[in-house]
Amino acid sequence: MPLVLDDSDQAALTGDRGPAWQLAMRVIVRIADAIQADHLLDISAAHIDSCLYHGRSGLDFADRLADAGARVIVPTTLNVASFDLRHPDLYRGDPQTAVLARRLTERYEEMGCRPTWTCAPYQLEERPEFGQNIAWAESNAIVFANSVLGARTGRYGDFIDICAAITGRAPAAGLHLDDNRRGDVLFRLEGVSDRLLDNDGFYPVLGHLVGAITGTRIPVIEGLPARSSEDRLKTLGAAAASSGSVAMFHAIGSTPEAATFADAFGGRTPGETIVVRPDDLRSTRDQLTTAVDQHTDPSERDSADIGAVCVGTPHYSVGEFGHLVELIGNSRVSAGVQFYASTGRDVLMEIELRGWADRLRESGVTIVTDTCTYITPILAKVDAAMTDSAKWAYYAPGNIGVEVVLGSVEDCVATAVAGHLVRDDSMWADA
Amino acid sequence: MVPGEAAGPLLVLDEPLSFWGGLDSETGLIIDHHHPQSGESVTGTVLAMSAGRGSSSASSVLAEAIRLGMAPAAIVLLEPDEIIVLGSVVAEELYGITIPVVVVDESTFARLRSARSAKIDTTGRVTLAN
């Protein structure tokens, strides 16, 4: 069926609502055509990824819209920026880029977007509800919105996010529609120990494995503990959206559209079943570690020189900070290690009130807001960094040129305090 | 998905590539360390990959590569990918440069591997040459 526009969409397209609305509508219509949507639908919120600076073209587009007087017409949050707007001194990159990157953030604020500067808008107080149609960009936010909140967003990229916010419209396609939200491929966990299932470090590894195999399909995971926490589903989804194009997953017994196996698959049978065993998980975990030779004797692996520890990708939640505070206790980060925890400014405000931010700073942790340590030059030159995030581990070698060790947050803290690599491999060995 | 004409040597990727974190828009080189074709240049090629992958920012990186003249001449996909289409559409809106994006069926995609170059016409037809 060809795309049919209603009168108001048509009027916007011919310029009745001004040039900004016209350009935004033209982009949406071209995408709707390309993905064979037959109409557009209303969206009630947007999350913008285009505010992260990738070069002049992003600013050219924002200028084109903002100069023409564009304003968003739905509540619109902003993803991370290219540097910490609150603590700009943390930025070590090219000053000219910083000027343009800041200009980009200003243009989006001018259009009426809320300066939330977080990749985890689902951790804000106001968040989309079950069944609500929204237009979110940022792959980890998309997968969380669809899977954990049960809100409905396409896998939106840069540019269409702001166009949807300006027009309040999006193509009626993909995950907005019931039929496209059912599971395609089953991942069945077998032989995974309770100890591993109960460790936060397991979830990003599982997510990475699932994403790499799933590609663009919808995975259903069977065998996770019922009512897995939002933080764990967040790291699972973020990893799956980096290693694949996963925009939605179901975890039976945990996510809202997967109370049962039948719900997850919409009554159909899985197109494919993949059994996930401890060996598969161990090799996925090893793939994400570039800094140590996997084939050496485990006792010799401690030689990797860890100069930085980076946690908070996606942005840490209040709960994750609570766990970090507990783990660090009264110890201090070793002098040879930089420890960064990334989060949004809303979460920072909350942990300031609880006194946790000061406690962490006293222990030697630098809290980074508004951005993330793997997208922008914040780290001083180090050979290797450790992280608890599969997404960070995946992207950092290409983006900022460091070798990576993936570990649990317990490993990250132990390493930072000891000043050399400490990884407890036992839970993986007997998984 | 984005109509236009283009021709160039074929670069068929063994795995999907996320342009963000995977492609340097200033050099046109693949920088994803995990990618089997890491280090190769996409500039001017007819870039074929089964699907898009990863970040929402891929549209921005593609648009920037197009602005800088470092983008592929065309992109051929097996599965539609709106994030890639967006990068191409917005670059066309801003700079008037068209990088066609087409989706082909499995048998056509399989034949790409044995061809050296490809031509795309305005109807989206892909012609191969050895």
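From helix 1 of chain B, B:Ala58, B:Ser59, B:Leu62, B:Ala63, B:Ile66 and B:Arg67 touch B:Ile83, B:Ile84, B:Leu86, B:Gly87, B:Ser88, B:Ala91 and B:Tyr95 in helix 2 of chain B. Contact here means heavy atoms within 4.5 Å. Those contact residues divide into nine nonpolar, three polar and one charged.

A quick word on what we're looking at. This is a predicted model, where local features need pLDDT of at least 70 and side-chain atom pairs count only at pLDDT 80 or more, while totals for chains, interfaces and linings use all residues. Residues are numbered from 1 along each chain as its sequence is written, chains are lettered from A and ligands numbered from 1 in the order in which they are written, and side-chain values use heavy atoms, with hydrogens and water left out.

Back to those helices, residues 58-67 and 82-95 of chain B: they pack at about 40 degrees, with axes 8 Å apart. Helices are DSSP runs of H or I, at least four residues, and strands are runs of E, at least two, numbered from the N terminus. Axes are lines fitted to C-alpha atoms, for helices over the stretch in contact, and angles run from 0 to 180 degrees between N-to-C directions. So the pair counts as oblique, the class left over once angles under 35 degrees are roughly parallel, over 145 roughly antiparallel and 65 to 115 roughly perpendicular.

Now over to chain A. Which residues does A:Ala34 touch, leaving aside neighbours within four places in sequence? The answer is B:Met1 and B:Val85. A:Ala34 sits in helix 2 of chain A, residues 19-34, and is buried at 14% relative accessible area. Buried means under 20%, exposed over 50%, partly exposed in between, with a 1.4 Å probe and protein chains only.

A:Pro121 is buried too, at 2%, in the loop between helix 4 and strand 4 of chain A. Its contacts beyond four places in sequence include A:His47 and A:Trp136. A:Leu78 is 43 residues away in sequence, yet 8.1 Å away in space, C-alpha to C-alpha.

Last stop, the sheet. Four strands of chain A form an open, parallel sheet, in the order 8-7-6-9. Strands pair if DSSP finds at least two bridges between them. Five bridges join strand 6 to strand 9 of chain A, and A:Phe187 stands opposite A:Ile274 there.

Key: Nonpolar A, V, L, I, M, F, W, Y, C, P; charged D, E, K, R; others polar.
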